[in-house]
Amino acid sequence: QVQLAESGGGSVQPGESLTLSCVFSGSIFSLYNMGWYRQGPGRERESVANITVSDTTKYVDSVKGRFTIARDNNKNTVTLEMNNLSPEDTAVYYCSADRKRGSARWQYWGQGTQVTVSS
């Protein structure tokens with residue numbers, strides 16, 4: 001069973017940076033597309049960034065140029081470097097692992113890590 005463990009959340013001031021990490025276990029990491037999602041107060045969960053098995057990345061418009069997603073297949077880890085944070089980035093951030101094979105799909109979630117941006 002895939003397990004995802006996030007870390008790195010916290011409270012920062014606007015303009016500061018944080019890096020989130022997610023450690024994957026229980027299966028073959030390199031077979032999974034990885035992503036970071038977030039859910040802010042009163043909002044639906046949204047996709048923030050994702051990285052495919054071939055290292056193709058995609059970002060939601062609001063974080064382009066500020067956030068960077070990366071994966072390390074040797075360490076079974078995906079990270080999200082977040083720069084120039086703003087209060088609008090305040091949310092619980094979730095790591096996701098996603099694999100498709102034919103018509104089958106597997107998706108797993110971490111428990112989330114809180115990011116709070118406030119002055």
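Predicted model: local features only at pLDDT ≥ 70, side-chain atom pairs only at ≥ 80, totals over all residues.
A disulfide joins the two residues, C22 and C95. The search of the whole structure finds 1 disulfide.

**The disulfide**
- The S to S distance between C22 and C95 is 2.1 Å.
- The link of C22 and C95 is left-handed, with -80° about the S-S bond.
- This pair links distant parts of the chain, 73 residues apart.
- C22 sits in strand β3 (residues 18-25), and C95 sits in strand β9 (residues 91-101).

**The nonpolar core**
- The largest nonpolar core has 29 residues.
- Those with the most contacts inside this core are L4, M34, W36, L80, M82 and Y93.
- At least two residues of this core come from each of β3, β4 (33-39), β5 (46-51), β7 (67-72), β8, β9 and β11 (113-117).
- In soluble globular proteins, nonpolar side chains tend to be buried together.
- Leaving out residues up to four places away in sequence, M34 touches L4, F24, F29, A49, N50, I51, I69, R71, V78, C95, S96 and A97.
- C95, one of the residues M34 touches, is also a partner in the disulfide.

**T77**
- T77 lies in strand β8 (residues 77-82).
- T77 counts as buried because its relative accessible area is 14%, under the 20% cut-off.
- A polar atom of the T77 side chain lies 2.8 Å from the backbone oxygen of K75.
- Neighbours within four places in sequence aside, T77 is in contact with C22, V23, F29, A70, R71 and D72.
- F29 and R71 are among the residues that T77 contacts, and M34 touches F29 and R71 as well.

Note on methods: Residues numbered from 1 in each chain as written. Heavy atoms only, no water. Disulfide = S-S within 2.5 Å. Helix = DSSP H or I, 4+ residues; strand = E, 2+ residues; numbered from the N terminus. Buried < 20%, exposed > 50% of the residue type's maximum accessible area, 1.4 Å probe, protein only. Polar contact = N/O pair within 3.5 Å; in protein donor to acceptor, adjacent residues only side chain to side chain. Contact = heavy atoms within 4.5 Å. Core = buried A, V, L, I, M, F, W, Y, C linked by side-chain atoms within 4.5 Å.
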